[in-house]
Amino acid sequence: MPAKSSTIVTALTVAALVAVGVLGYQASASAPDSLNEARKDSHHASKDHRDHNDKKAKAPAPAPVPAASGTGRRIVYSLGAKRVWLVDAKGTALRTFAVTPSTVSPPTGGYAVGSRSVSVMGSDGIAIEHVVRFAAVNGVTVGFSAAVNGSRPAPDTGKKTGGIRESREDGKAMWDFALHGTKVVVVS
């Protein structure tokens with residue numbers, strides 16, 4: 001009998017370790033890119049500090065909010081710069097990031113967030129999340145989204161798509177900022 005109970009305990013322990021390993025892997029795979037970058041940066045921070053003691057790296061200044069983008073709390077999307085700004089009520093950019101434009105672009109002007117979806121399948125067949133829709137152009141819905149797999153491929157010019165792709169981290173920030181009715185300003 002003792003041999004059977006020790007076998008059961010061993011099997012349960014192995015199963016528990018496998019489950020913890022799988023859950024740990026899933027957590028690290030779904031963690032925002034910024035956490036992985038921070039982990040890498042902290043690993044090299046002490047070495048970089050020793051090697052570059054007298055040289056302090058300065059982060060580049062964020063791109064300024066386009067002047068002709070209005071006032072108040074808003075999302076600003078620059079077609080030419082392929083960039084988005086999340087702007088607070090005082091006109092300060094809370095966040096700015098590069099995006100991959102869709103094949104169908106909305107005309108410049110003012111819009112409002114009309115609908116949102118936590119996750120759907122993109123028109124390009126890629127699973128997307130944090131979808132924030134704000135315009136329609138000739139029957140094509142235009143909005144911001146992030147691919148679940150983190151990809152941001154250039155859109156297929158043979159298809160009419162309205163998905164403006166952003167990183168998963170930026171997509172989460174957009175989702176948190178862009179409630180229904182939030183002003184969206186598209187500039188050239």
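Mentor: Tyr111 counts as partly exposed, because its relative accessibility is 22%. The scale runs like this: buried is under 20% relative accessible area, exposed is over 50%, and partly exposed is in between, with a 1.4 Å probe and protein chains only. Keep in mind that this is a predicted model, where local features need pLDDT of at least 70, side-chain atom pairs count only at pLDDT 80 or more, and totals for chains, interfaces and linings use all residues. Residues are numbered from 1 along each chain as its sequence is written, and side-chain values use heavy atoms, with hydrogens and water left out.

Now the rings. There are 3 aromatic pairs in the structure. Rings of Phe, Tyr and Trp (its six-membered ring) pair if their centres lie within 6.5 Å; planes under 30 degrees apart are stacked, over 60 edge-to-face, and the rest tilted. Tyr111 and Phe134 have ring centres 5.7 Å apart and planes at 70°, so this pair is edge-to-face. It links distant parts of the chain: Tyr111 is in strand β4 (residues 109-112), Phe134 is in strand β6, and they are 23 residues apart. Strands here are DSSP runs of E, at least two residues long, numbered from the N terminus.

Phe134 is buried, with a relative accessible area of 7%. Its ring also pairs with Phe144: the centres are 5.1 Å apart and the planes are at 25°, so these two are stacked. Phe134 sits in β6 and Phe144 in β7, so the pair ties together parts 10 residues apart in sequence. Phe144 is buried, as is Phe134. Ring pairs join Tyr77, Tyr111, Phe134 and Phe144 into one cluster.

Two arginines also sit over rings. Arg73 lies over the face of Phe177, 3.8 Å from the ring centre.

β1 (residues 74-78) and β2 pair antiparallel over 5 bridges; strands pair if DSSP finds at least two bridges between them. Arg74 has Val87 in β2 as its bridge partner. β1 and β2 form a hairpin with 4 residues between them, and Lys82 in the turn has a positive phi of about 55°. β2 is also joined to β3 (residues 93-98) by 5 bridges, again antiparallel. Trp85 stands opposite Thr96 in β3. The β2 and β3 hairpin has 5 residues between the strands, and Gly91 there takes a positive phi near 90°. Strand β2 (residues 83-87) is mostly covered, with 4 of its 5 residues buried.

Terms used. A charge sits over a ring if NZ of Lys or CZ of Arg is within 6 Å of the ring centre and within 35 degrees of the ring normal.
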